Amino acid sequence: MKKGTLKQILLLTDGCSNKGEDPSAVAALAFEQGISVNVIGILADDQTEQPQGLEEVEQIALSGGGVSQLVYTQTLSQTVQMVTKQAMTQTLQGFVNSELKQILGPGQTMEDLAPDKRGEIMEVVEDLGETCDLEVVVLVDTSASMRDKLPTVKEALIDLSISLNARIGRNRFSIFSFPGRRKDIQKVLDWSPGLDNISSVFPKLTSGGVTPTGPALREAIYQFSKKSLLRSFRENEESDIEEA
């Protein structure tokens, strides 16, 4: 299996979407296009009961082939790192299982192999997790109830960037908030190898309004498509220059 690019959407929210299309349906569309959707539902530290809106968290991740987790703000940083890495491993295991089916026949997965062979394959998965390129579109819910949680979200994303710096593969991040000032979603940070710059951007974010999670997920899918088109255009341009 050759090194490729893992594509993830990381959705950080504390409640239920209440505008636009069904986010689970959009997450399923993302998964069909090779993008895993991971969702972290953020609870306030003094919250004792799970709000009804956060039931949606698990369903979006399930439809999007990703990982979901409910977390209190005080442990958000560790959770963001854990979910991102867990989703990488889960995606890579899916690829490996697909390759095994072609080699061993349908119905065969990693679990069917002898323990020593399974261990060897897990080593390959771990190696790929270190060497593959990673692209993550982060979607931050900035509805009114998220106001006090945004500083913690900022620190968690910076910690994520630092923790992934040790990887051999390239990291690329893009951040969007929803709702935006004048539309459903607003770009916070364009594609960047690190998240160091968000310290200057986050204080400018305003919170309030409805929660258009579905439209935000659709915009995230579009960002991956746009990036692929730009990459193809540049490669073709370089090829034309070399031929000339």
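Predicted model: local features only at pLDDT ≥ 70, side-chain atom pairs only at ≥ 80, totals over all residues.
**Overall architecture**

The protein chain has seven helices and six strands. Read from the N terminus, the elements run β-α-β-α-β-α-α-β-α-β-β-α-α. The chain holds 244 residues, and buried residues make up 48% of them. Among contacts in the protein chain with a separation of 6 or more, 77% join residues 24 or more positions apart.

**Nonpolar cores**

In soluble globular proteins, nonpolar side chains tend to be buried together. Here the largest nonpolar core has 40 residues. The members that touch the most others are Leu-12, Ile-40, Val-80, Val-140, Val-153, Leu-157 and Ile-175. Take Val-153. Beyond its neighbours within four places in sequence, Val-153 is in contact with Leu-12, Ile-42, Leu-76, Val-140, Met-146 and Phe-202. A second, separate core has 24 residues, including Ile-9, Val-39, Leu-139 and Phe-176.

Val-39 lies in strand 2, which spans residues 35-43. Its relative accessibility is 1%, so Val-39 counts as buried. Leaving out residues up to four places away in sequence, Val-39 touches Leu-11, Thr-13, Val-57, Ile-60, Ala-61, Val-67, Ser-68 and Gln-69.

Leu-11 sits in strand 1, residues 5-13. Leu-11 is buried too, because its relative accessible area is 0%. With neighbours within four places in sequence set aside, Leu-11 is in contact with Asn-38, Val-39, Ile-40, Ile-60, Leu-139, Phe-178 and Thr-213.

**A partly exposed loop residue**

Asp-45 is placed in the loop between strand 2 and helix 2. At 44% relative accessibility, Asp-45 counts as partly exposed. Residues up to four places away aside, Asp-45 touches Tyr-72, Thr-73 and Gln-74.

| Pair | Separation along the chain | C-alpha distance |
|---|---|---|
| Val-39 and Leu-62 | 23 residues | 9.5 Å |
| Leu-11 and Val-137 | 126 residues | 8.5 Å |
| Asp-45 and Thr-73 | 28 residues | 6.0 Å |

**Helix 1 against helix 2**

Helix 1 covers residues 23-32 and helix 2 covers residues 55-63. Their axes come within 7 Å and cross at roughly 25°. Angles under 35 degrees count as roughly parallel, so helix 1 is roughly parallel to helix 2. The crossing of the two helices is right-handed.

Which residues of helix 1 and helix 2 meet? Helix 1 contributes Pro-23, Ser-24, Ala-27, Ala-28 and Phe-31. Helix 2 contributes Glu-56, Gln-59, Ile-60 and Ser-63. Five of the residues in this contact are nonpolar, three are polar and one is charged.

**A cis peptide bond**

One backbone feature deserves a look. The peptide bond from Phe-178 to Pro-179 is cis, with omega near 0°. Pro-179 is found in the loop between strand 5 (171-178) and strand 6 (186-192).

Technical notes. Residues numbered from 1 in each chain as written. Heavy atoms only, no water. Helix = DSSP H or I, 4+ residues; strand = E, 2+ residues; numbered from the N terminus. Axes fitted to C-alpha atoms, helices over the stretch in contact; angles between N-to-C directions. Parallel < 35°, antiparallel > 145°, perpendicular 65-115°, else oblique. Left-handed = near helix turned anticlockwise from the far one by under 90°. Contact = heavy atoms within 4.5 Å. Nonpolar A, V, L, I, M, F, W, Y, C, P; charged D, E, K, R; others polar. Core = buried A, V, L, I, M, F, W, Y, C linked by side-chain atoms within 4.5 Å. Buried < 20%, exposed > 50% of the residue type's maximum accessible area, 1.4 Å probe, protein only.
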